[in-house]
Amino acid sequence: MPDQSQGSPALRPAGPQVSRRTMLRGASVLGVGVGFGLTPLLTACGVADGGSEESGGGSGKGGTLTLAIDSTSAVNDPAFYTTLGDWMAVDCICRGLTFISFESNEPTPDLAKSWQISDDQLTYTFTLREGVKFHDGTTLSSADVLASLNRQFDPENKTLPKGASRPLASLGNNVASLTAEDDLTVELVLKAPDRTVLAQLSDIGGRVISKAALDKYGSGIGKHLVGIGPFKFASATSGQSVTLEAFDDFRLGRPPIDRLVLRQVQDPSAIVSSLLSGDVSATQFTPYSAVEQLKSDPSVTVHDTKEGFDAILMIDARRVPELKVRKAINLAIDRKAIVQQAFFGVASEPDGYTIPPAQNGYDTGLADLSTKNLAQAKKLLKEAGAVGRELGLMAAGDSWHPKAAQIVKQNLEDAGFKVKTTSVDPASYFSRLSDGKDDYHDLMIWERNSYVPDPNNMVGSMANPAGLYGSTITGLDTLDGVDTLAEDLLVAKNLPVGKKRTAAYSKIQRRWAEEYMVIAMLACSTNLVVSGAEVKGINTAALGNHRCFMEKASV
Amino acid sequence: MSDHTGTGLDAGRTGPGLGRASSGRWAARLRQRGIGTSWPAMVSWVFLVAIVLIALVGPLLISADPVRQTNAALLPFGSPGHPLGTDDLGRDELARLVHGARPLLFVAFASTALAAVVGTGVGLLAGYAGGAVEQVLMRAVDLALAFPSILLVILLVAAAGPGTTSLVIGVGVSLAPGLARLARALAARETARDYVVAARLGGTRTPRVLVQEILPNIAGPMVAQIVMTLSVAAGFAAGLSYLGLGIQPPTPDWGYMVQAGQEFLYSAPRLVVLPATLTLLFVVACNFVGDDLRDALDPKGSA
Amino acid sequence: MSTLPLPRLRRPHRPRSERADTLWAMFRRLLGIPVVLFALATLVFIAMRLLPGSPTASLAGGGTNLTAAEIARNQARAGEALGLDQPLLTQYGTYLDNLVHLRFGESFFGSNSVLGLLGDALPGTIELTLAAMTIAVLLGVVTGVIAALRKGTWIDTATRAVATVSFSLPWFALGVIAIVVFGVWLRWLPVLGRLPSSLDYRPTTNFVVIDAMLQNRPELIGPWIQHLILPATTLALSMAGYITRIVRASVLDVLGDDFVRTARMKGLGESAVIRRHVLRNSWLPIVTVLGLQFGSLLGGSVITETVFSYGGVGRLLVQGVLQRDYPVVQGAALAIALLFVLVNYAVDVLYMILDPRIRKG
């Protein structure tokens with residue numbers, strides 16, 4: 001949690017949360033964590049006591065928290081997305097100028113203790129916190145911020161590894177200048193106003209790296225990441241695990257646990273088994289099918305996190321050119337069956353179209369955009385003269401995707417389509433999405449997580465005709481009148497958070513659905529966070545969005 | 001992956017007496033010795049024939065739709081209209097099991113046939129021709145053996161898409177080298193024998209020598225080995241469809257059903273146990289039948 | 001098709017020249033290894049590039065809110081950086097040149113060196129495979145010999161039946177069931193990885209046993225063995241059944257041979273006959289089978305590695321194919337093939353050493 005003493009424009013999180021967390025932190029500082037941490041460690045693995053003494057740091061807390069992750073390439077670099085697991089490690093090692101806890105969606109000060117925004121919304125002046133230590137002992141200054149953000153903004157930056165994806169590239173394209181006024185003041189000047197800057201800077205791409213380390217390791221920084229976060233990098237083995245250690249000088253206090261191990265566990269049943277056997281302390285990659293089983297087991301806790309991601313069916317408008325047919329597809333989908341059978345109840349029917357309940361801008365007034373009406377679907381299909389139309393449907397072969405594909409296939413066949421499906425390995429799914437000539441490019445099942453909980457992240461990126469979804473995937477950009485959609489999006493993005501902004505997004509969403517229907521919502525769900533019963537203090541709201549804040553966690 | 005064939009062992013171990021046996025003699029021996037001499041073999045023959053029959057005609061007899069989803073998901077055993085209950089998407093489990101036999105049987109038989117034709121052909125030619133031809137062919141066999149078979153199948157599936165064709169080619173090509181090695185050893189021995197030398201000196205053309213003279217004389221041990229290969233192919237095929245590389249859902253298939261059912265290992269174990277047991281029984285039956293045939297066709301090889 | 005030249009007729013046994021022939025054949029096979037590997041490298045190179053989907057697409061997709069144009073630019077930049085914009089023949093030339101100089105390149109996803117990745121992954125696979133092989137051989141040889149000596153009795157029938165069933169087990173489901181039974185219900189054994197995450201293990205060689213000695217950390221051994229039991233046994237079971245059958249057949253075969261009869265007639269005790277003559281001579285087919293089975297184990301370990309989250313080369317390979325990480329696939333395939341070829345070469349040499357005919361000569 002941020003310092004309470006700054007004069008930032010950001011709202012503070014609600015009172016009770018702060019007090020609970022403050023209390024927890026206080027407790028661990030006072031050493032109450034000893035009882036928590038050591039007992040399970042000693043009983044669970046008698047052999048481990050020798051090892052923990054070596055790495056314990058003598059502060060009397062301890063234990064190892066093991067998170068199951070999808071995969072690791074042993075590269076942790078905020079400018080280079082490799083896997084969700086590696087991304088979680090970056091999230092623990094580095095912090096950014098701003099921070100969103102996901103318990104609240106408001107950007108709060110982190111490394112920047114305050115900021116000022118000019119009246120024209122173009123100039124952001126960040127004042128950095130004084131005396132904050134990196135893992136390598138250097139002290140935070142504006143040079144670190146510049147070095148870190150410039151490698152996001154500048155594709156020619158020398159410290160970028162080959163193939164780096166630069167997640168903040170699009171923000172960079174809107175940056176006129178990034179300068180240091182002095183050691184603790186950074187000025188960011190935009191070309192066009194963008195209200196989401198603070199939120200974007202809280203994303204993993206906006207994380208600050210030690211400039212000394214960047215100078216030393218260059219493009220190899222991903223194997224030696226040095227940040228300011230609660231955990232420092234210890235070791236990583238591709239395909240196996242990433243090991244982090246508690247950082248004694250973390251700004252908000254040393255984390256209660258000694259070590260945080262992110263361990264690759266890919267087989268869904270292995271995830272469930274290792275949660276039950278205690279080999280894994282927590283994960284958000286739990287298969288939905290296990291939810292009942294896990295809820296009934298006292299050795300684990302199933303966390304109820306708000307639905308924050310969209311399960312979507314993308315329709316390629318170039319291959320399904322008639323709006324009536326696309327609407328028929330949307331009307332045919334049995335979302336109740338998807339929620340129950342593909343997500344085992346860990347989802348809700350989408351009543352805010354693409355904005356899920358966990359986000360600002362969620363509006364249940366849009367429920368009618370995602371309803372089932374088979375009779376109407378058949379009628380539209382007949383009117384379009386498209387009864388018996390053949391559609392190719394592709395879905396990734398993991399998690400809920402294949403089951404949703406089977407349900408959608410049957411729904412569409414009930415409405416009068418002919419559907420052939422293919423399941424695609426998750427690693428190559430994305431490259432098939434980008435290939436408009438793919439045989440199965442008519443309908444594509446996909447999910448969109450929000451690393452930044454702002455409506456711009458969902459609607460802004462999916463309804464933007466120039467974006468990946470709007471062009472390559474759905475061909476929205478080939479339809480008439482979409483220019484004004486893009487303009488409306490820009491206006492909505494720059495409204496202050498509140499009713500007016502929500503209304504603007506709702507209007508856009510309604511038009512986007514009714515006039516184009518290139519994205520049919522299947523469900524809103526959350527990544528199912530499950531932890532061992534002894535694990536306390538993990539930020540489950542963040543973990544449900546694949547964000548990893550473990551500074552309060554104890555085992 | 002179990003690549004149980006192509007030990008080269010059989011080649012070295014097959015007694016010299018066998019080679020001279022004419023085609024008439026091994027047929028006679030088959031009749032004379034009979035098949036299904038032990039009770040596991042008898043049971044296996046019956047089971048195998050039954051499974052093949054079920055795969056062929058079963059789908060016509062079962063009225064329930066194996067693909068149709070209903071809201072009656074995860075019904076237990078003995079539910080009205082669903083004797084074996086329903087799966088997670090409310091589909092009749094019995095119908096899925098009956099229909100699900102087809103892909104496995106098809107891949108097992110077709111890939112074995114492919115392996116048999118390619119393996120015997122290559123081995124026969126190499127063993128007969130000797131010299132450079134043999135060198136080239138057998139190095140190709142070495143290459144095929146060294147090529148990780150799982151990689152081969154994954155590459156095929158990635159290129160041609162998942163499905164039975166990719167599996168048949170992948171499994172077939174993985175199993176062919178073993179058969180090729182055996183065929184080469186057997187053919188080389190036959191080639192040196194008087195009757196082949198005589199035929200060649202008498203001007204019989206090569207294809208004729210291969211097909212009419214040598215093939216019948218190596219057929220016994222080859223057939224025995226090929227039947228053993230069938231069980232390996234079945235196990236391999238089931239494993240690959242378990243990995244999702246086989247026929248695509250919703251079409252039922254035992255291997256994939258095991259994989260999909262794994263999610264319900266705790267709540268509805270039958271969704272794993274039934275298809276896994278059927279797969280196991282099928283592979284076991286193939287093995288016993290293979291043993292039995294080997295006893296009948298290649299007595300020395302089975303000692 | 002014209003008549004092929006007559007083969008040189010195989011000469012009758014002349015021990016001395018046969019031995020020379022064998023040595024020459026062994027040498028020729030040794031020379032053949034690079035050829036096989038080269039062909040394999042070429043095949044994998046071509047196959048990977050024929051696959052639909054490209055590594056740059058996956059690489060470029062990591063950003064959020066990028067426009068399609070930005071992604072296309074990212075992709076082009078990535079392609080250029082990775083050398084994928086070059087003509088295929090040029091890429092192939094570069095690849096071969098690197099291969100000859102033993103440069104295996106870097107992963108597209110984060111520039112990990114392929115050698116480093118193999119160094120991380122191979123030890124796990126080798127540990128697992130060797131452990132599985134040991135278990136399988138122990139189980140297989142003991143049951144096989146017993147079955148052969150009790151031929152025709154119910155012990156023989158039961159052993160054969162169990163062996164047949166065990167090697168027909170759907171190995172893919174076995175690991176999952178073992179995890180549920182021994183890891184979750186009984187809680188006897190850990191189900192994840194090579195060591196508990198609470199142990200701070202910094203690999204030197206990545207072989208846990210060797211590192212335990214090098215780093216003087218004997219406390220690594222216990223947990224390591226605990227972690228190895230389930231995956232190795234799962235992997236070993238199907239192989240054990242097969243070995244049982246081979247051993248039984250081979251022992252029976254040898255029992256029928258003249259020299260065994262002679263030994264018995266000489267009045268040697270039954271156990272001495274078994275030890276001195278039967279077992280020694282039955283090794284031949286067993287060793288051959290082991291060599292070939294080694295390849296199968298490497299393949300089978302892909303599933304076992306996934307189910308037990310056991311970092312190994314099988315998973316590296318699969319992951320590489322899925323991500324279209326060409327250098328990783330090329331390196332891993334080559335490593336697996338090299339292991340397989342070398343093991344089988346060693347088997348051939350062993351064969352030569354063990355073959356009594358050759359030894360007599």
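Tutor: Helix H12 of chain A, residues 335–342, is mostly covered, with six of its eight residues buried; a residue is called buried if 20 or more other C-beta atoms lie within 10 Å of its own, exposed if 12 or fewer, and partly exposed in between, with C-beta atoms placed from the backbone. This is a predicted model, in which local features need pLDDT of at least 70 and side-chain atom pairs count only at pLDDT 80 or more, while totals for chains, interfaces and linings use all residues. Residues are numbered from 1 along each chain as its sequence is written, and chains are lettered from A and ligands numbered from 1 in the order in which they are written. Helices (H or I, at least four residues) and strands (E, at least two) are DSSP runs, numbered from the N terminus.

The buried residues of H12(A) are A:Arg335, A:Ala337, A:Ile338, A:Val339, A:Gln341 and A:Ala342. They pack against strand E14 (347–348), H14 and strand E18 (519–525) of chain A, and just after the helix A:Phe344 takes a positive phi of about 50°.

H10(B), residues 206–242, is itself mostly covered, as 28 of its 37 residues are buried. Its end C-alpha atoms are only 44 Å apart, short of the 54 Å that a straight helix would reach at 1.5 Å a residue; the expected span is 1.5 Å times one less than the number of residues. The helix bends by about 55° at B:Ala219, and a proline, B:Pro221, follows within four residues, where the bend is the angle between axes fitted to the seven residues ending at a position and the seven starting there. B:Gly220 is also found in this helix, and B:Gly220 counts as buried because 27 C-beta neighbours lie inside 10 Å. Its C-alpha atom is separated by 5.1 Å from that of B:Leu297, 77 residues apart along the chain. After H10(B) comes B:Gly244, with a positive phi near 85°.

Chain A has 20 helices and 19 strands, and buried residues make up 60% of its 555 residues. Of the contacts in chain A with a separation of 6 or more, 70% come from residues 24 or more positions apart. Chain B has 13 helices and zero strands, and 60% of its 303 residues count as buried. Among contacts in chain B between residues at least 6 apart in sequence, 74% join residues at least 24 apart.

Where chains A and B meet, the contact takes 17 residues from chain A and 15 residues from chain B. The elements that give two or more residues to the chain A side are helix H9 (268–277), helix H10 (291–295), helix H14 (401–415) and strand E16 (418–424) of chain A, and the largest share, six residues, comes from H14(A). By class, this side has four nonpolar, ten polar and three charged residues; Ala, Val, Leu, Ile, Met, Phe, Trp, Tyr, Cys and Pro count as nonpolar, Asp, Glu, Lys and Arg as charged, and the others, Gly among them, as polar.

Chain A also meets chain C, in a contact that takes 59 residues from chain C and 62 residues from chain A. On the side of chain C that touches chain A, the largest share, nine residues, comes from H3(C), and the residues of this side divide into 27 nonpolar, 23 polar and nine charged.

Conventions:
Contact = placed C-beta atoms within 7 Å.
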